[in-house]
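Please keep the sequence and the 3D view at hand while reading.

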Amino acid sequence: MKKAQNRIDYIVYGNPKGVRSLIYQEGYEVPKNLSELSQATKLLVQKRGKNFIQKLIQIHPDKKIILQLSKGKKDCGCRACGYLSYTGSSDKNGFLDRLERMNLNELEKYYRNLNRESRAKPNDRNLEEEVRLVWEEIRQRKRNEIFESSSNDKGAKSGRLNLANDTLIALALTLAAGVLIGTSLHTKAYG
């Protein structure tokens, strides 16, 4: 699915068939191209306002999840509450947001549990994708930790190096000043 730029694009790219049907029901010619379909949908939102927006909400690709949340069902992110955390590509952004809120230890524990469950259900493609997404998040965090620690080490070494450079410059300037003073005294004495 193409990355959506805003809420209307998200609905159009997440449920193009539903949007096409809605535009047709409104009495308009339905564009074939998704970007044109998105533009047509935005124009109808401007023309029809709240009524059209309510119809768009009815065909939202994440409608089931939104309704679950509005009924008080929560996804704890750990499968302990009985709800699957990842429901497919339409849930990817929300799922990644939940992963970002977990600390690294929670994420690694979650990954171990997912692996265990994945071995028990080898044909579950959503579970396989969830394992991959969690692994990518762990890998990215560990890569960031390594990068940050090496940057801190370089900064400390760079600070020591700068101090050494400053000391060398001061010594060179002192030596140059001494040579100049000595030369000028020498020329005055013999001059």
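A residue is called buried at under 20% relative accessible area, exposed at over 50%, and partly exposed in between (1.4 Å probe, protein chains only). This is a predicted model, in which local features need pLDDT of at least 70 and side-chain atom pairs count only at pLDDT 80 or more, while totals for chains, interfaces and linings use all residues. Residues are numbered from 1 along each chain as its sequence is written, and side-chain values use heavy atoms, with hydrogens and water left out.

**Helix 1**

- Helices are DSSP runs of H or I with at least four residues, numbered from the N terminus.
- Helix 1 spans residues 7-14 and is mostly covered, with six of its eight residues buried.
- These buried residues are Ile8, Asp9, Tyr10, Ile11, Val12 and Tyr13.
- The buried residues of helix 1 pack against helix 2 (16-25), helix 3 (34-48) and helix 4 (50-58); contact here means heavy atoms within 4.5 Å.

**Arg141**

- Arg141 belongs to helix 8, which covers residues 125-190.
- Arg141 counts as buried because its relative accessibility is 17%.
- The side chain of Arg141 reaches the backbone oxygen of Met102 at 2.5 Å. Such a polar contact is a pair of N or O atoms within 3.5 Å; within protein, one must be able to donate a hydrogen and the other to accept it, and residues adjacent in sequence count only if both atoms are side-chain atoms.
- When neighbours within four places in sequence are left aside, Arg141 is in contact with Leu99, Glu100, Met102, Asn103, Leu104 and Leu107.

**Salt bridges**

- A salt bridge is a side-chain nitrogen of Lys or Arg within 4 Å of a carboxyl oxygen of Asp or Glu. The whole structure holds nine salt bridges.
- One of them joins Lys55 and Glu26, whose closest N and O atoms are 2.7 Å apart. Lys55 lies in helix 4 and Glu26 in the loop between helix 2 and helix 3, so the pair ties together parts that are 29 residues apart in sequence.
- Lys55 is partly exposed at 39% relative accessible area, whereas Glu26 is buried at 14%.
- Glu128 forms a salt bridge with Arg125, the closest N and O atoms being 2.5 Å apart. Both residues lie in helix 8, three residues apart, about one turn of the helix.
- Glu128 is partly exposed at 41% relative accessibility, and Arg125 is exposed at 52%.

Conventions. Helices (H or I, at least four residues) and strands (E, at least two) are DSSP runs, numbered from the N terminus.
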